[in-house]
Amino acid sequence: MTTISGSSQISANIDRLLAELVPKASQNGFIATSFGKDQNRVYSLAQCRGDVSSKDCSSCIQDAAKQIRQRCPNQANARIWYDYCFLCYNTEDFIGEVDTSVGIFYYNVDNVTDPESFKKELGNLMDKIKSQAVVSTNEGLGKGETEISPLVTLYALVQCTRDLPPLSCAQCLAVAVGNFQTICDSRKGSRVLYSSCYVRYELYPFFFPLDSNTTMANIHTSMVKVQP
């Protein structure tokens, strides 16, 4: 990982890039761009979750741009994840490339009561929404739900960054979903975050539009974070 000083040209280019990136990313929920010349050139990507409002997207991107510089002031390669958005930059050109080198995994501390049946339903739902994500008009987003029992519904969402072609998106999602069989096995909820894609499932509605009787404020769950 490249370390830089606050007075370096790369650091100045990162600040300039983020200043231009925030308003542009807020307009349509995605931007992949670069700034600078030669060895000081910096590449960046920002994307909001495809189901969030433009207002929430703008707020998330603004906060991400601020926090990434505060938390990684001396890094030329940095990334930050939020529920609603993702932002990263690097001095190496990563645009259009699948990156699963760094991942963050969250999972519910509780297990499901019928693992075999649950895995089958989860697998079917993931197959369905992954196929949505690779359709160009969906811009890398797939989401859906399935009723496991009269009282339990499974909700899931996947998303690739929009710079990826369909095959690369499918590859990233395959790697991400593969963690459900290992790190996140039989959990009531899980999230896998990579730089190129994001997958999540829960036993409560978490993507928009929410059910009419559900709000984000009354959702509670205990999660564990794992970062390799």
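**A loop threonine, two sheets of strands and a helix pair**

Thr161 lies in the loop between β7 (152-160) and α4. Helices (H or I, at least four residues) and strands (E, at least two) are DSSP runs, numbered from the N terminus. The model is predicted: local features need pLDDT of at least 70, side-chain atom pairs count only at pLDDT 80 or more, and totals for chains, interfaces and linings use all residues. Residues are numbered from 1 along each chain as its sequence is written, and side-chain values use heavy atoms, with hydrogens and water left out.

Thr161 counts as buried because its relative accessibility is 7%. Buried means under 20% relative accessible area, exposed over 50%, and partly exposed in between (1.4 Å probe, protein chains only). Leaving aside residues up to four places away in sequence, Thr161 touches Leu45, Gln47, Ser195 and Ser196. Contact here means heavy atoms within 4.5 Å.

A hairpin of 2 residues connects β6 to β7. Within this pair, Thr146 stands opposite Leu154 in β7.

An open sheet is formed by 4 strands in the order β1-β2-β4-β3, with antiparallel pairing. Two strands pair if DSSP finds at least two bridges between them. Strands of a sheet pair through backbone hydrogen bonds, either parallel or antiparallel. The edge strands are β1 (30-35) and β3 (78-81), and each pairs on one side only. On average, neighbouring strands of this sheet are turned by 5° against each other, direction ignored. Strand β2 (residues 42-48) is joined to β4 (residues 85-90) by 6 bridges. Cys48 stands opposite Cys85 in β4.

Two helices lie across this sheet. Helix α1 (residues 9-28) lies across β1, β2 and β4, and runs at about 155° to β1. Helix α2 (residues 54-71) lies across β2, β3 and β4, at about 40° to β4. Axes are lines fitted to C-alpha atoms, for helices over the stretch in contact, and angles run from 0 to 180 degrees between N-to-C directions.

Two packed helices are described by the angle between their axes and the distance between the axes. Helix α3 (residues 115-133) packs on helix α4 (residues 166-178) at an angle of about 155°, with the axes 10 Å apart. Helix α3 is therefore roughly antiparallel to α4. Angles under 35 degrees count as roughly parallel, over 145 as roughly antiparallel, 65 to 115 as roughly perpendicular and the rest as oblique. The contact is made by Met126, Lys130 and Ala133 of α3 and by Cys169, Leu173 and Val177 of α4. By class, this contact has 5 nonpolar, no polar and 1 charged residues. Ala, Val, Leu, Ile, Met, Phe, Trp, Tyr, Cys and Pro count as nonpolar, Asp, Glu, Lys and Arg as charged, and the others, Gly among them, as polar.

Asp38, in the loop between β1 and β2, has a positive phi of about 50° although it is not a glycine. Asp38 counts as exposed, at 68% relative accessibility. Glu139 is partly exposed, with a relative accessible area of 42%. A cis peptide bond joins Phe208 and Pro209, with omega about -5°. Pro209 lies in the loop between β9 (197-202) and β10 (223-226).
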